[in-house]
Amino acid sequence: MQFKRLVVPALFTFGLGGCGYFDGDEKQQLEQAWLAQNAQLQQVIEQIRSQGIEAVANGAEVGSVAACVASKLEMDPLGELVNVEGALVESAKIAELLSELEGLMEQDFSLENISGLLQKGADAAAYAKQIIAAQGLERGLEHLQQMADSSREFASEDLGAHFQQLLSECQ
């Protein structure tokens, strides 16, 4: 029963996202335009999204853009969220996004919750999916709390602005 309560709403929500119900394409296009300004950075982000931050860090040549980006993202408490397409231009304030993620990951899903999620948009769902995929629900919640604690100094920044500033240090 627990499995059904989690899987059915997740499939429903992410299925709607795949059908274009949520407007994630706009963020992805904005992100691609930003990345197109630096081919090396674009290549590194694509590698990180396909291979993972740790794999890129281990395989990158010392002093390269890839080594710099992977190192910065490994040290950043929000670094793993870069795996979500559109994160580099995400306008959500970090504190608000983390709070929304925590609430999303803690709740029991029902049709009412899904309805509320649809009304708010699925941005938080994409980040929650990334955290759950990487660490599972329980460890994901713990990691989310660590992210919130570690990111207090830039909690009022936009996630995209935070990533752009961090990555610009490697150009």
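**Contacts, core and disulfide**

Mentor: Leaving out residues up to four places away in sequence, Gln28 touches Glu85 and Gly86, where contact means heavy atoms within 4.5 Å. Do keep in mind that this is a predicted model, in which local features need pLDDT of at least 70 and side-chain atom pairs count only at pLDDT 80 or more, while totals for chains, interfaces and linings use all residues. Residues are numbered from 1 along each chain as its sequence is written, and side-chain values use heavy atoms, with hydrogens and water left out.

Trainee: Where is Gln28 found, and is Gln28 buried or exposed, or something in between?
Mentor: Gln28 is found in helix α2, helices being DSSP runs of H or I with at least four residues and strands runs of E with at least two, numbered from the N terminus. Gln28 counts as partly exposed at 28% relative accessibility; buried means under 20% relative accessible area and exposed over 50%, with partly exposed in between, using a 1.4 Å probe and protein chains only. From C-alpha to C-alpha, Gln28 and Val84 are 9.5 Å apart in space, although they are 56 residues apart in sequence.

Trainee: How many helices and strands does the protein have?
Mentor: The secondary structure comes to 10 helices and 0 strands. Of the 171 residues of the protein, 39% count as buried, and among contacts with a separation of 6 or more, 78% are between residues 24 or more positions apart.

Trainee: OK, so what about the largest nonpolar core, and which residues have the most contacts inside it?
Mentor: That core has 40 residues, and those with the most contacts inside it are Val69, Leu73, Leu78, Leu101 and Phe163. A nonpolar core here is a set of buried Ala, Val, Leu, Ile, Met, Phe, Trp, Tyr and Cys residues joined through side-chain atoms within 4.5 Å. At least two residues of this core come from each of several helices, including α5 (65-75), α6 (94-106) and α10. The core also draws at least three residues from each of domain 1 (37-75) and domain 2 (80-159), with bounds that come from an automatic or database domain assignment.

Trainee: And what is Leu73 in contact with?
Mentor: Apart from neighbours within four places in sequence, Leu73 is in contact with Ile48, Ile53, Gly79, Val82, Phe163, Leu166 and Leu167.

Trainee: Which residues of helix α10 are buried?
Mentor: In α10, which spans residues 159-168, the buried ones are Leu159, Gly160, His162, Phe163, Leu166 and Leu167. They lie on the same side of α10 because they cover an arc of only 160° around the axis, the arc being that of the directions from the helix axis to the C-beta atoms.

Trainee: Switching topic, which cysteines does a disulfide join?
Mentor: Cys68 is joined to Cys170, with 2.0 Å from S to S, a disulfide being a pair of cysteine sulfur atoms within 2.5 Å. Cys68 lies in helix α5 and Cys170 in the segment after α10, so the pair ties together parts that are 102 residues apart in sequence. The link of Cys68 and Cys170 is left-handed, with -75° about the S-S bond. Cys68 is partly exposed, with a relative accessible area of 23%, whereas Cys170 is buried, with 8%.

Trainee: Last one: what is His143 in contact with?
Mentor: Neighbours within four places in sequence aside, His143 is in contact with Pro77, Glu80 and Gln135. His143 is found in helix α9 and counts as buried at 18% relative accessibility.
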